Structure formats: C-alpha cells, structure tokens
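Dear colleague,

I am handing over the structure we spoke about, and I would be grateful if you could look it over before we discuss it.

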2 protein chains.
Amino acid sequence: MDYNLTRRQMIRLGTSFGMGLAGAVFFDHGLSSNAADASQGNPWQYHELDIPTSEKLGYKGFYKGGCAYGTFYGAMFQLSRKHGEPYSSFPIHMMKFGTSGVAGYGSLCGCLNGGAALIGLFCQDDAVRNQMIQELLRWYEQTKFPIYKPSFSPIETEIVQTKSNSVLCHISVGEWCGISGYKASSKERLDRCARLAGDVSKKTTDMLNSWLKGGYLAANLSSISDDCRACHGRGGEVDDIKGLMDCSICHDDKLSDHY
Amino acid sequence: MDYNLTRRQMIRLGTSFGMGLAGAVFFDHGLSSNAADASQGNPWQYHELDIPTSEKLGYKGFYKGGCAYGTFYGAMFQLSRKHGEPYSSFPIHMMKFGTSGVAGYGSLCGCLNGGAALIGLFCQDDAVRNQMIQELLRWYEQTKFPIYKPSFSPIETEIVQTKSNSVLCHISVGEWCGISGYKASSKERLDRCARLAGDVSKKTTDMLNSWLKGGYLAANLSSISDDCRACHGRGGEVDDIKGLMDCSICHDDKLSDHY
C-alpha cells in the first residue's frame with residue numbers, strides 16, 4: 001500500500017473539512033459537561049461510573065444479550081443500581097437488536113452501536129455528541145483488540161489481538177478469524193467479541209466520565225482518509241460521499257496515482 | 001459482473017445455512033405476536049399504528065433529529081399520543097446518535113438503525129426479532145429509494161430513485177449522488193434521505209402491525225450472497241465471516257471463477 005498522497009495533502013490544507021475528527025481542531029467546542037442539562041430538568045443525567053466495573057460488566061453483558069447489549073449494560077446496570085430511576089426503567093432489552101452488526105447482519109459492530117447509543121442518551125449537545133462518538137469509532141478502527149483479559153473467561157488460551165481499520169462487524173471478525181485461525185462460530189471468537197464489549201464499555205465510560213467532569217476535549221485522531229475527504233467530503237470539490245470510515249478497506253486502489 | 005455461481009450453488013444445496021434469511025425457510029418460527037409478552041406484564045407493548053402516518057412522521061422526524069431519530073419517531077410519536085406511558089417517557093433524543101451512519105460516520109444507514117431499534121424494543125423473541133430486522137435490511141438493499149413523495153417537500157424537482165445493494169449510509173448516499181448528480185451536502189440529498197426515513201418508518205410499522213396481529217412470517221428474500229455464505233458462513237467449510245450483507249459490493253472479484 002502506497003501512501004503517496006502529497007498532492008491531496010496539499011489540497012487538504014487549503015480546504016475546509018466540514019465535519020470529522022480532523023475538523024475538530026477547527027471546530028473545537030471546548031470543554032463540555034452535562035451541567036447545563038441538569039439545570040434544565042433533564043432526567044437522563046450521567047453520573048460518574050467505575051471504569052473497571054464497566055469493563056467487567058460489558059464482558060458479562062455480552063453473554064446476556066450480545067455485543068450492543070453488553071456495552072450498554074456496562075453503564076446502565078451501574079446507574080440503575082446506584083441511582084434507581086429513570087435508569088432502572090430503561091428498556092435495555094431493546095439493545096439486543098444490535099447483536100453481530102444488527103441482527104447478525106455484520107454491519108456496524110454492536111459494541112460501537114451500544115456505546116454510541118449511551119453517548120446519545122446522555123450528551124444532548126449535537127456537536128459534542130457527534131465528536132465523542134466519532135472519537136470512539138476512530139479509536140476502534142485504529143486499536144488492536146481485544147485488550148481485556150478477564151480472569152473468569154472460559155478461554156484459557158491466548159486470544160490474539162487484531163486491528164481491523166473498520167467499524168464493521170464483518171471486517172472486524174473476518175480479520176480476527178484470518179489471523180487467529182479460529183472459525184467465526186468458535187467459542188474463542190465469541191469470547192474475543194465479549195472482551196471487545198468490555199473494551200468498548202470501558203472506553204465509553206472513560207469518555208463520559210471526562211465529559212461529566214467538564215474535561216472532555218475531542219481527540220484529534222487523524223486518518224489516512226482525511227485526504228480522501230478533502231475532495232470527496234462536505235465542502236470538497238467533488239462532495240459526493242457521506243462518512244468518516246477508513247476508505248482504504250474498500251478503495252485501496254485509490255490510495256496512489258489517483259489523479 | 002458475472003453471476004456464474006453454479007458450483008457454489010450446488011455446494012449450497014448440500015450445506016446447512018445456520019442463520020440468515022435464506023435460512024428462514026428451514027428455521028421458520030411461524031406466526032408470532034406480542035400476545036405472550038402482554039400476559040407477562042411487559043410494559044413495552046406494541047399497538048397497531050397507522051402506516052401512512054408513520055411514513056409522514058418518519059419524514060418529518062428526519063428534519064427534527066436525523067435519520068435514525070426520524071424512523072423511530074414515526075412510531076413513537078403515535079404511541080405516545082395515543083397510549084401515553086411508557087412511550088411518552090422514552091428518551092427518544094437518544095436516537096439522534098444514529099444520524100448519517102452513526103454521528104456522520106457513514107456506517108449503518110440511520111433509518112435502518114432506528115427501525116431495527118424499534119423492532120428490538122417491541123419484539124423480545126430473539127429469533128423472530130432477528131428475522132424481522134434481517135428482512136428490513138434485505139428489503140432496503142434491494143429496493144429503489146426514495147419511494148415517498150410528500151406533497152409538502154421543499155424540493156419541487158423529481159428525486160431520482162436508486163438501489164444501493166448495501167445497508168451502509170456511505171454506499172447508499174454515494175450511489176444516489178453518482179446517479180442523480182447532486183452533491184452529498186445538497187438540499188436535494190437531504191430531502192432524499194428524509195423521504196427514505198419515511199419509507200423505512202412505513203415498512204417497519206407495516207411489519208410490526210403484521211407481527212402484532214399474529215400474521216408476521218419472515219419473507220424469504222434471497223441474496224446472491226447466500227452462495228458465498230454456504231462456505232464462508234456459519235456451518236460452512238470455511239466459516240470465517242459474520243454477516244448477511246450483500247458481498248458483491250466489496251468482493252465483486254470473487255463472484256466468478258472463485259475456485
């Protein structure tokens with residue numbers, strides 16, 4: 001893969017980005033918390049949560065209701081136990097819809113769907129919510145998973161870590177199967193995804209805790225695809241796509257000599 | 001594109017599918033309703049809704065909170081108005097997280113994320129819920145959108161219909177921009193997606209109404225990719241992928257002479 005993008009990088013420097021993580025440095029909404037929401041009678045306040053507990057509950061929740069449920073459960077179980085209503089009445093069973101890329105369809109990783117829904121539940125500022133979710137998704141694309149190693153896992157052998165460069169269940173699981181040699185229907189793959197639910201639950205809680213304390217500032221996680229979006233994204237010359245996913249997964253033939 | 005899949009089609013005939021729409025003919029859960037749930041004190045009962053109203057509210061909801069919010073709003077607004085609690089307390093603002101493929105990321109189309117969440121909220125039978133959501137997503141892949149033509153749209157010109165063969169926002173919007181010639185940031189593209197929220201809201205309500213009345217039977221919407229999954233899916237010889245998406249979008253080089 002050749003990352004010779006000099007011409008597009010130059011164009012990028014002269015172009016406004018519109019939305020996106022790279023844009024965060026230009027469209028910085030600064031520190032944000034839910035203090036404003038609290039003063040307006042919003043019952044869906046976030047309360048600081050214990051990060052290792054979210055990680056553990058995310059893992060355990062996976063085995064109760066799948067990946068999206070697991071990540072969501074990591075925070076909601078704690079909120080319900082510590083603070084009662086309205087958390088204890090939230091119909092958390094709903095989140096089972098996100099399992100395996102939504103009902104097994106292999107689209108968006110359910111861990112991310114659950115984490116993004118949590119952020120959407122608590123952060124009602126459109127710009128900050130989107131920045132937080134974009135950071136979560138970009139972190140997922142660029143990180144080797146799983147990180148969590150629960151002492152009570154049914155899998156005693158080492159679970160290999162892989163980076164998928166994608167937020168899609170299909171690619172994330174396929175990449176892991178290809179490198180680990182395990183089948184997609186194996187108990188090892190299942191536990192790999194359970195650990196991933198722990199990882200995303202931990203990350204989401206960490207971000208929400210920072211936001212609660214007024215210390216959240218969107219990370220400037222750049223992507224090779226920022227260059228693609230300089231032309232194809234909002235405000236670019238072509239302006240014919242939506243999205244912030246890593247383009248290289250499907251368009252690696254466009255990464256060099258594109259002009 | 002060459003669909004010469006005869007050898008794999010033959011293999012498919014001798015292989016169990018595991019999950020998926022094609023599998024529905026083998027794993028038919030028959031008629032299903034929420035009558036069982038109602039008898040067990042579940043407060044999240046579905047009530048029959050007016051389909052044209054869902055279509056209209058899905059469109060209008062898009063302009064209030066984006067695509068996922070719009071589709072969800074199509075049903076939840078009606079339930080809240082007609083039946084009060086618990087619908088009127090549902091934190092529907094949460095669904096804004098799904099906008100433009102989740103916070104603008106271009107992954108799963110938000111209309112589908114909203115529709116799938118609605119099905120997950122009301123249908124608590126894992127197998128039936130997954131079948132319904134899979135049917136919704138397959139229908140989306142194979143249908144030309146938008147269908148809805150609101151008389152009160154701000155766009156007076158014809159909005160071209162396109163079929164994306166994908167559940168991803170990025171591909172759905174990209175395909176439409178390519179054929180229509182409009183930019184992704186145009187008001188025509190925005191209204192195209194608002195109409196799509198109306199379409200998915202209508203379809204979701206139609207499916208839930210059938211399910212409520214005990215008349216829901218998963219449609220057997222086949223896909224060219226059923227042949228891919230005969231080997232690569234659960235129970236297949238390779239068993240290295242998750243998902244039910246149309247494979248041809250990213251793997252068209254594998255559609256012929258694959259052996």
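Predicted model: local features only at pLDDT ≥ 70, side-chain atom pairs only at ≥ 80, totals over all residues.

Residues are numbered from 1 along each chain as its sequence is written, and chains are lettered from A and ligands numbered from 1 in the order in which they are written.

On the contact between the chains, 49 residues come from chain A and 49 residues from chain B, two residues being in contact if their C-beta atoms, placed from the backbone, lie within 7 Å. On the side of chain A that touches chain B, helix 5 (110-122), helix 6 and helix 7 of chain A each supply at least two residues, helices being DSSP runs of H or I with at least four residues, numbered from the N terminus. The residues of that side of chain A divide into 26 nonpolar, 15 polar and eight charged, where Ala, Val, Leu, Ile, Met, Phe, Trp, Tyr, Cys and Pro count as nonpolar, Asp, Glu, Lys and Arg as charged, and the others, Gly among them, as polar.

Within chain A, the axes of helix 5 and helix 8 (residues 187-212) come within 9 Å and cross at roughly 20 degrees, with axes fitted as lines to C-alpha atoms over the stretch in contact and angles running from 0 to 180 degrees between N-to-C directions. The two helices of chain A are therefore roughly parallel to each other, a description used for angles under 35 degrees. Among the residues that meet there are Leu112(A) and Gly115(A) in helix 5 and Val200(A) and Thr204(A) in helix 8, and by class this contact has nine nonpolar, two polar and no charged residues. Not counting residues up to four places away in sequence, Leu112(A) touches Leu136(A), Leu137(A), Tyr140(A), Val167(A) and Val200(A).

Turning to the backbone, cis peptide bonds join Glu85(B) to Pro86(B), with omega about 0 degrees, and Phe145(B) to Pro146(B), with omega about -5 degrees. Although neither is a glycine, Asn165(A) has a positive phi of about 55 degrees and Val102(B) one of about 75 degrees. Asn165(A) counts as buried, with 20 C-beta neighbours inside 10 Å, the cut-off being 20 or more other C-beta atoms within 10 Å, and Val102(B), with 31 other C-beta atoms within 10 Å, is buried too.

Methods. Buried ≥ 20, exposed ≤ 12 C-beta atoms within 10 Å, placed from the backbone. Parallel < 35°, antiparallel > 145°, perpendicular 65-115°, else oblique.
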